[in-house]
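Have the sequence and the 3D view at hand as you read.

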Amino acid sequence: MKKTTDKDRTTADEIIDESVMLIHHEDCATAAEHLQQALRIYRDITAENPDSSKDRAQLAKVLNNLGYAYAELSQYEDAEKCFGECLDIRRKLYTGTKSEYIMQTIHLLICLHLDMQKYSA
């Protein structure tokens, strides 16, 4: 595996920011493609630095945004997987004052299940 660098991290963060703009402009297909690239980078980064809370938080952010893009594209199963993994990461990272990140993902997961007409746990 190639060793990731600060440049990789910066590139992924720029991709995340650009993808948010694409989502706001309703170009979720392009946003999803870009977020998949950021996801690959952050998976590599967190594999190399599993104890970095900052990197795992960014991985969760990518998954959350990718899940949203997938949901907007009606790719519900992919969205559900992204939200589930994001929620797992956020539950391990955040308690107390940062719980709004957990609630944000739960909210998106509930909305997804409503769209999917999936009402049981």
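Predicted model: local features only at pLDDT ≥ 70, side-chain atom pairs only at ≥ 80, totals over all residues.

Residues are numbered from 1 along each chain as its sequence is written, and side-chain values use heavy atoms, with hydrogens and water left out.

Now for the overall fold. The protein chain has 5 helices and 0 strands; helices (H or I, at least four residues) and strands (E, at least two) are DSSP runs, numbered from the N terminus. The radius of gyration of the protein chain is 14 Å, close to the 14 Å that the globule rule gives for 121 residues, so the chain is as compact as a globular protein of that length. That radius is taken over C-alpha atoms, and the globule rule is 2.2 Å times the number of residues to the power 0.38. Along its principal axes, the C-alpha trace spans about 45 × 35 × 25 Å.

Of the 121 residues in the protein chain, 39% are buried. Here buried means under 20% relative accessible area, exposed means over 50%, and partly exposed lies in between (1.4 Å probe, protein chains only). Among contacts (heavy atoms within 4.5 Å) between residues at least 6 apart in sequence, 56% join residues at least 24 apart.

Buried residues of H2 include Ala31, Leu35, Leu39, Tyr42 and Ile45. What covers the buried residues of H2 includes helix H1 (6–24) and helix H3 (53–72). Ala47 also lies in helix H2, but at 49% relative accessibility it counts as partly exposed. The C-alpha atoms of Ala47 and Thr4 are separated by 9.9 Å, though the two are 43 residues apart along the chain.

Val62 is in helix H3 and is buried, at 0% relative accessibility. Not counting residues up to four places away in sequence, Val62 touches Ile16, Leu35, Ala38, Leu39 and Tyr42. The C-alpha atoms of Val62 and Cys86, 24 residues apart along the chain, are separated by 8.3 Å. Gln58 is also found in helix H3, and Gln58 is buried too, with a relative accessible area of 17%. Leaving aside its neighbours within four places in sequence, Gln58 is in contact with Asp13, Ile16 and Tyr42.

Glu26 sits in the loop between H1 and H2, and its phi is near 60°, a positive value in a residue other than glycine. At 72% relative accessibility, Glu26 counts as exposed. Ser74, in the loop between H3 and helix H4 (76–93), likewise has a phi near 60°. Ser74 is partly exposed, with a relative accessible area of 45%.

What about aromatic pairs? A search of the whole structure finds 1 of them. The rings of Tyr94 and Tyr101 have their centres 5.0 Å apart and their planes at 35°, so the pair is tilted. Rings of Phe, Tyr and Trp (its six-membered ring) pair if their centres lie within 6.5 Å; planes under 30 degrees apart count as stacked, over 60 as edge-to-face and the rest as tilted. Tyr94 is buried at 15% relative accessible area, whereas Tyr101 is partly exposed at 31%.

Finally, the cysteines. A disulfide is a pair of cysteine sulfur atoms within 2.5 Å, and by this rule the count comes to 0 disulfides. The sulfur of Cys28 is 13 Å from the closest cysteine sulfur, in Cys82, too far for a bond. Likewise, the sulfur of Cys111 is 14 Å from the closest cysteine sulfur, in Cys86, too far for a bond. Cys28 is buried, at 9% relative accessibility, whereas Cys111 is partly exposed, with a relative accessible area of 30%.
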